[in-house]
Amino acid sequence: METPREKEHLLALKVMRLTKPSLATIAPLSCDKRDLTGETMMDCHHKDYSSTPGIDMFTTGGLMLLPQNFGNIFLGETFSCYVSVHNDSLQIVKNVVIKADLQTSSHRLSLATTNNTPTLELSPECSIDDVIHHEVKDLGTHILVYSVSYNTHNGEKMYFRKFYKFQVLKPLDVKTKFYNAESNEVYLEAQIQNITNSTMCMEKVVLEPSPFYTVNELNVAGDMSTFGRMNYMKPMDNRQYLYQLIPTAEAGDKINRAVACNIGKLDITWKTNLGEKGRLQTSPLQGVTPRFREIRLSVESIPEGVIIDEPFTMHIKITNCSERVMELVLMLNAVSATNLHWCGISGRTLGKLSPNESTVVLLQALVDVPGLQSISGIRITDLYLKRTYEHDDVAQVFVYSAEDVL
């Protein structure tokens, strides 16, 4: 028994992806004037309208080439397509409705069309044209589903669908590293690699910090980028971006714990050879704050250079990073490996320090040997637990003689 054939539809659906054209390439042939052909081949090349005038052996022509296939679609780009529903019959069809859906591995979404209302009548040899734009935000397999419904001249309702399958590829490989400083500052290194087969022009690579931080971009020298005026990346090129994140005053207590903290997210914008724009935004970057000791010491101020055998002052900040109250005593010891001599009284009582509370202490010292010298020998004792915390090499100072100034 034969199965009934599917009824032919009166409408035809065609979908074409809209992309930028490419530059046409040619293969010029040349030969020596003394050869049998003489200058025949070169004359033919000059008459070719696709050749570039004035550049004989240039393989890139002067014409644009329309896309010959669907091409590659990369994450962050805008997918554009042209859809045409044409009435191939000799009848008038009514109530034409076109719907477009995009199916991914995780969800299905409806694409906005300009023809949201049904077309009441579509005459023979007429068409309904539309252009759809969608920013691609998912990797993997995508299925574009077009559904068309209409009524024939005798009132019969017809419906058909077409599926267009394509892959969305990854354009950039982004790797991040975090470096934590004693002063609660965080340095982010972002390594970006172009893993496409075409050159990219990097328009913007910025770090949008979370409310916990403010950011300083370290990728500029004066008014110019460290990557030069021609800010482009060839296929498989790598580039490192560096950012300094400084915690805000309100977030100091929150990021003082050894837990994951939202640093921010990278916003990357680029253009391809012929101006097609792409944009990627990473998920929030999670940095792990370092686990400090119960007592954290940081240098608030210190001179860059001091004169030999002359006292200088420095300010240190002592922070209670524990969850209990401490009663602290500051000891200043002479370290044999250094040439630093402390001035003032050792064994000074700093009093009680509550959790996450800080105190700033003024210290005075002198150095009797020129050169770059380390600041060491600071000891802080907790009287409650009889525990001593040693702090060496907390900073460095350059020592010079008075004659060097003259």
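# Briefing: salt bridges, rings and surface in a predicted model

A search of the whole structure finds nine salt bridges. A salt bridge here is a side-chain nitrogen of Lys or Arg within 4 Å of a carboxyl oxygen of Asp or Glu. This is a predicted model, in which local features need pLDDT of at least 70, side-chain atom pairs count only at pLDDT 80 or more, and totals for chains, interfaces and linings use all residues. Residues are numbered from 1 along each chain as its sequence is written, and side-chain values use heavy atoms, with hydrogens and water left out.

Two sets of terms come up throughout. Buried means under 20% relative accessible area, exposed means over 50%, and partly exposed lies in between (1.4 Å probe, protein chains only). Helices (H or I, at least four residues) and strands (E, at least two) are DSSP runs, numbered from the N terminus.

**Salt bridges**

- Side chains of opposite charge can pair when their charged atoms come close.
- E294 forms a salt bridge with R324, and their closest N and O atoms are 3.0 Å apart.
- E294 sits in the loop between β22 (285-288) and β23 (295-301), and R324 in the loop between β25 and β26, so this pair ties together parts that are 30 residues apart in sequence.
- E294 is partly exposed, with a relative accessible area of 25%. R324 is also partly exposed, at 23%.
- D382 and R324 meet in a salt bridge too, at 2.7 Å from N to O.
- That pair links distant parts of the chain: D382 is in strand β31 (residues 378-382), R324 is in the loop between β25 and β26, and they are 58 residues apart.
- D382 counts as buried because its relative accessibility is 0%.
- Salt bridges with shared partners join E294, R324, D382 and R387 into one network.
- Elsewhere, K170 forms a salt bridge with D173, with the closest N and O atoms 3.6 Å apart. K170 counts as partly exposed at 41%, whereas D173 is buried at 19%.

**Around S322**

- S322 lies in the loop between β25 (312-320) and β26 (326-332).
- At 6% relative accessibility, S322 counts as buried.
- The side chains of S322 and N320 are joined by a polar contact of 2.6 Å. A polar contact is a pair of N or O atoms within 3.5 Å; within protein, one must be able to donate a hydrogen and the other to accept it, and residues adjacent in sequence count only if both atoms are side-chain atoms.
- The S322 side chain also reaches the backbone oxygen of R324, at 3.3 Å.
- Leaving out residues up to four places away in sequence, S322 touches E294, P355 and N356. Contact means heavy atoms within 4.5 Å.

**Aromatic pairs**

- Rings of Phe, Tyr and Trp (its six-membered ring) pair if their centres lie within 6.5 Å; planes under 30 degrees apart count as stacked, over 60 as edge-to-face and the rest as tilted.
- By this rule the structure has four aromatic pairs.
- One of them is F227 with Y241, a tilted pair with 4.9 Å centre to centre and 55° between the planes.
- F227 is in the loop between β17 (224-225) and β18 (232-233), and Y241 is in strand β19 (residues 238-247), so the pair ties together parts that are 14 residues apart in sequence.
- F227 is partly exposed at 24%, but Y241 is buried at 5%.
- F398 and Y400 form a stacked pair, with 6.3 Å centre to centre and 25° between the planes.
- F398 is partly exposed at 42%, and Y400 is partly exposed at 22%.

**Backbone angles**

- Most residues other than glycine have a negative phi.
- N95, which is not glycine, has a positive phi near 50°. N95 lies in strand β6 (residues 93-103) and is partly exposed at 34%.
- E125 also has a positive phi, near 65°. E125 lies in the loop between β8 (119-122) and β9 (127-135) and is exposed at 56%.

**At the surface**

- E8 is in the segment before β1 (11-17). E8 counts as exposed, at 65% relative accessibility.
- E8 and M158 are 150 residues apart in sequence but 9.9 Å apart in space, C-alpha to C-alpha.
- L18 is in the loop between β1 and β2 (22-25) and counts as partly exposed at 32%.
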